[in-house]
Amino acid sequence: MHFASLAINARRFSQDTRAAHYSNADWGLLIDEAAKFLQNELKILHRRISFSLVDNQDTYTLPADLLAPEEIEFYTSGGTWKVKMRTLEEIRLQRLPAYGSRPYFYTLFDDEQVVKLQPNPDTAADTTTLTGAHSATITTLTVASTDSFYDYGRVIIDSEVISYTGKTSTTFTGCTRGEESTTAVSHSGAATITERDLFVYGLRQYRDREMRTFYITGNVDVTNASAAVAGGNSAPSWTNTVAAGDYLGITTDTTKIDATRWYKVLTVDTATTLTLDETYKDATATNQTYIICSPNPFPNRYDGFFRAYLLAAALDKEGDYKGSAQQWGKVERMLKTSASASTKPDLLLHPRGRHDHLRRPWSRMPVSGGSRYDTF
């Protein structure tokens with residue numbers, strides 16, 4: 001469920017369909033609070049990033065939102081190798097050569113957000129060149145040669161990371177453009193393609209106001225079987241307010257009616273034009289009310305958690321402690337069910353009288369002796 005769908009559902013369940021009590025910004029703050037809490041409790045969101053090894057470079061900087069590597073792999077045409085975590089002292093005891101063709105170990109310097117490889121790579125990632133210019137939407141890359149590249153994986157051209165699912169002797173096929181938060185752009189002929197051969201998988205941080213876009217200004221024109229969207233007679237301004245990866249939905253009421261279908265924004269071309277990543281499948285229409293919103297990074301199975309959390313917070317704010325307690329109970333049960341497969345139950349115990357220290361949101365509701373809210 002997208003950001004706007006969450007807000008509309010919460011507004012409907014809280015009987016605030018006219019936005020008399022809560023604005024979109026208010027719901028955004030509550031959704032942000034719920035998302036941070038969910039990620040902190042269950043560690044759901046992960047990220048996979050890649051690097052191209054550089055000759056005689058042993059340190060690589062991790063993005064700020066990747067909290068800690070859980071697994072690092074080194075890819076070659078001959079196979080995949082695990083890179084194991086060791087302390088500097090453990091690495092010294094291994095007495096490995098200073099340089100080598102592949103890394104065996106890494107050390108994490110979390111205060112600097114870098115990993116240090118051992119041995120120091122003495123070769124660089126393989127490269128090839130594009131054959132002819134390529135647009136931002138092409139999904140097959142034609143190149144000089146794919147020799148020494150692995151059968152599937154990722155490459156980087158200029159600053160764009162691209163994944164591929166197969167290859168021939170001169171093409172990479174099944175490409176997904178703009179991976180790892182990069183932007184799909186056009187590339188000139190003979191541009192250098194570099195293999196991504198070091199992959200880091202780890203827990204990622206939910207960023208502040210990650211779900212922040214709820215844009216409804218103006219109206220739009222949409223055409224069946226076309227991916228182009230234009231501002232209608234009441235022009236919007238999408239520059240710096242909408243981004244690639246957001247979602248567009250057509251709706252007759254932006255406060256209480258969810259869109260029947262959502263379309264991902266591929267590119268924001270101008271202040272009043274954008275391109276979808278698929279053609280518009282509904283009827284052609286002009287001057288339509290619409291919503292453009294941020295995607296929800298959490299899987300759909302957590303939609304119920306968000307609804308319960310938002311309604312509980314709204315009822316809590318209005319002083320309906322009985323209704324709020326019922327919703328916090330739903331939140332607890334959902335978290336416990338989701339965590340049971342991967343987290344020891346005793347890690348979720350909330351000692352009586354220590355709720356404020358643990359900063360659980362349901363610490364705000366009244367608790368009587370022997371209540372089931374004392375433990376989780």
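This is a predicted model: local features need pLDDT of at least 70, side-chain atom pairs count only at pLDDT 80 or more; totals for chains, interfaces and linings use all residues.
Let's start with strand E23, residues 273-276. Leu274 and Leu276 sit on its covered face, while Thr273 and Thr275 make up the uncovered one.

E22 and E23 make a hairpin, with four residues between the two strands.

Okay, zoom out a bit. These strands belong to an open, antiparallel sheet of eight, and the order is E18-E25-E21-E22-E23-E20-E19-E24. Which strands stand at the edges? Those are E18, residues 214-215, and E24, residues 285-288; each has a single partner strand, so one side of each has no neighbour in the sheet. Further along the order, strand E19, residues 220-222, pairs with E20 over three bridges, antiparallel again, and Val220 stands opposite Gly231 of E20.

There's also an open sheet of three strands, in the order E10-E14-E13, with antiparallel pairing. Its edge strands are E10, at 141-142, and E13, at 166-167, each pairing on one side only. E10 and strand E14, residues 171-173, are joined by two bridges, and Thr142 of that pair stands opposite Thr171 in E14.

Now a residue I'd like you to find: Thr128, in strand E9, residues 127-129. Is Thr128 buried or exposed? With a relative accessible area of 8%, Thr128 is under the 20% cut-off, so we call this threonine buried.

Nonpolar side chains tend to be buried together in soluble globular proteins. Here, the largest nonpolar core has 39 residues, and those with the most contacts inside it include Trp27, Ile31, Met211 and Phe306. Where do the core residues come from? Helices H1 (3-13), H2 (24-42), H4 (303-318) and H5 (321-339), along with strand E25 (290-293), each supply at least two. Take Ile31: setting aside residues within four places in sequence, Ile31 is in contact with Phe3, Leu6, Ala7, Met211, Phe306 and Leu310.

For the whole chain, we've got six helices and 25 strands. Of the 376 residues, 46% count as buried. Among contacts with a separation of 6 or more, 63% join residues 24 or more positions apart. The accessible surface comes to about 18,500 Å², and 49% of that belongs to carbon and sulfur atoms.

Last thing: confidence. Mean pLDDT is 86, and 89% of residues reach 70 or more. The stretch to watch is residues 343-376, where pLDDT stays under 50. The model has 57 contacts for that stretch beyond four places in sequence.

Terms used
Residues are numbered from 1 along each chain as its sequence is written. Side-chain values use heavy atoms; hydrogens and water are left out. pLDDT is the predictor's confidence in each residue, from 0 to 100. Contact means heavy atoms within 4.5 Å. Buried means under 20% relative accessible area, exposed over 50%, partly exposed in between (1.4 Å probe, protein chains only). Two strands pair if DSSP finds at least two bridges between them. Accessible areas come from the Shrake-Rupley method with a 1.4 Å probe; for residues, only the protein chains shown count as cover. A nonpolar core is a set of buried Ala, Val, Leu, Ile, Met, Phe, Trp, Tyr and Cys residues joined through side-chain atoms within 4.5 Å.
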